Amino acid sequence: MCILSLLSLFGCKGYEDLTVDEFEKMLAEDNTLQLVDVRTAEEYAAGHLPGAINIDWRGNDFLDNAMTLLNKDRATMVYCRSGRRSADAAAILDGLGYKTYNMLGGYLAWTKAGKPTTTSSPETCNKTNTDMTNEMKFCQSCGMPLTEEMLGTNADGSKNEDYCIYCYKDGAFTKECTMDEMIEFCAQFVDEVNKNLPQPITKEEYIAQMKQYFPMLKRWKK
Ligand SMILES: [Zn+2]
């Protein structure tokens, strides 16, 4: 069940780190880039890179917002305050299929280098992407892609939009477990996952990927 889940997510090699100078140069040279500030709304409001949109990495709906707002056909540039949150966000976005660049040192390094910032809202809202492929949902318990026929069921028999039928049936989770137990459960399917990956990953790597991804799912979010 978790098999399908992560293959689409973690198939590729990784995002790229850029210095603030490289980051600035790239922004200047390519106007199709999508620039994302992954700090909180408060941090963003206090000052951000011109043209950046704000998708809070610590927000409840980072994944939903990222997939709604970002276009996979365009490179994605991320930064945060010091470069930590954005590195995590870059790894996830890269795994989701976005070509992602992370700014080393974050906003602190950017401002220290005397580069431009703004407090006004971006003029880039119209970059919002309504492509259907970006509206893919994932089971908020096991991480597998959710299609209409895979939806779990509520107590009244209606479809549940958040969880798959394996995880959630008749208004309750089919199995009470911790996030780590769920990851352990999914990890046994690593061979299935590898059938669909260009480069096989080890069970340990698969577990590490799930440990990054699962805390963002609704069921495991603290
Ligand atoms: Zn599930």
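In the predicted model, Leu217 makes contacts with Gln140, Ser141 and Gly143 once its neighbours within four places in sequence are set aside. This residue belongs to the segment that follows helix H9, and, because 20 C-beta neighbours lie inside 10 Å of Leu217, the residue counts as buried, the criterion for burial being 20 or more such atoms.

Helix H9 itself, which spans residues 203–213, packs with helix H7, formed by residues 179–187, at an angle of about 140°, and the axes of the two helices are 10 Å apart. The two helices are therefore oblique to each other, since the angle of about 140° does not exceed the limit of 145 degrees over which a pair would count as roughly antiparallel. The crossing in which H7 passes H9 is right-handed. To this contact H7 contributes Ile183, Cys186 and Ala187, whereas H9 contributes Lys203, Tyr206, Ile207, Met210 and Lys211. By residue class, the contact of H7 with H9 comprises six nonpolar and two charged residues, with no polar ones.

The burial pattern of H7 can be set beside this packing. Met182, Ile183 and Cys186 are the residues of H7 described as buried, and, because their directions fall within an arc of 100° when the helix is viewed down its axis, they line one face of H7. In an α-helix, with 3.6 residues a turn, residues three or four places apart point the same way. The element against which the buried residues of H7 pack is H9, and Ile183 and Cys186 are among the residues through which H7 makes its contact with H9.

A corresponding analysis applies to helix H2, which covers residues 20–29 and whose buried residues are Val20, Phe23 and Leu27. The buried residues of H2 pack against several elements, namely the strands E1 (16–18), E2 (34–37), E4 (76–79) and E5 (100–103), together with helix H6 (106–112). For H7, by comparison, the packing partner of the buried residues is helix H9.

Technical notes. Residues are numbered from 1 along each chain as its sequence is written. This is a predicted model: local features need pLDDT of at least 70, side-chain atom pairs count only at pLDDT 80 or more; totals for chains, interfaces and linings use all residues. Axes are lines fitted to C-alpha atoms, for helices over the stretch in contact, and angles run from 0 to 180 degrees between N-to-C directions. Helices (H or I, at least four residues) and strands (E, at least two) are DSSP runs, numbered from the N terminus. Angles under 35 degrees count as roughly parallel, over 145 as roughly antiparallel, 65 to 115 as roughly perpendicular and the rest as oblique. A crossing is left-handed if the near helix is turned anticlockwise from the far one by less than a right angle, and right-handed if clockwise. Two residues are in contact if their C-beta atoms, placed from the backbone, lie within 7 Å. Ala, Val, Leu, Ile, Met, Phe, Trp, Tyr, Cys and Pro count as nonpolar, Asp, Glu, Lys and Arg as charged, and the others, Gly among them, as polar. A residue is buried if 20 or more other C-beta atoms lie within 10 Å of its own, exposed if 12 or fewer, and partly exposed in between; C-beta atoms are placed from the backbone. The arc is that of the directions from the helix axis to the C-beta atoms.
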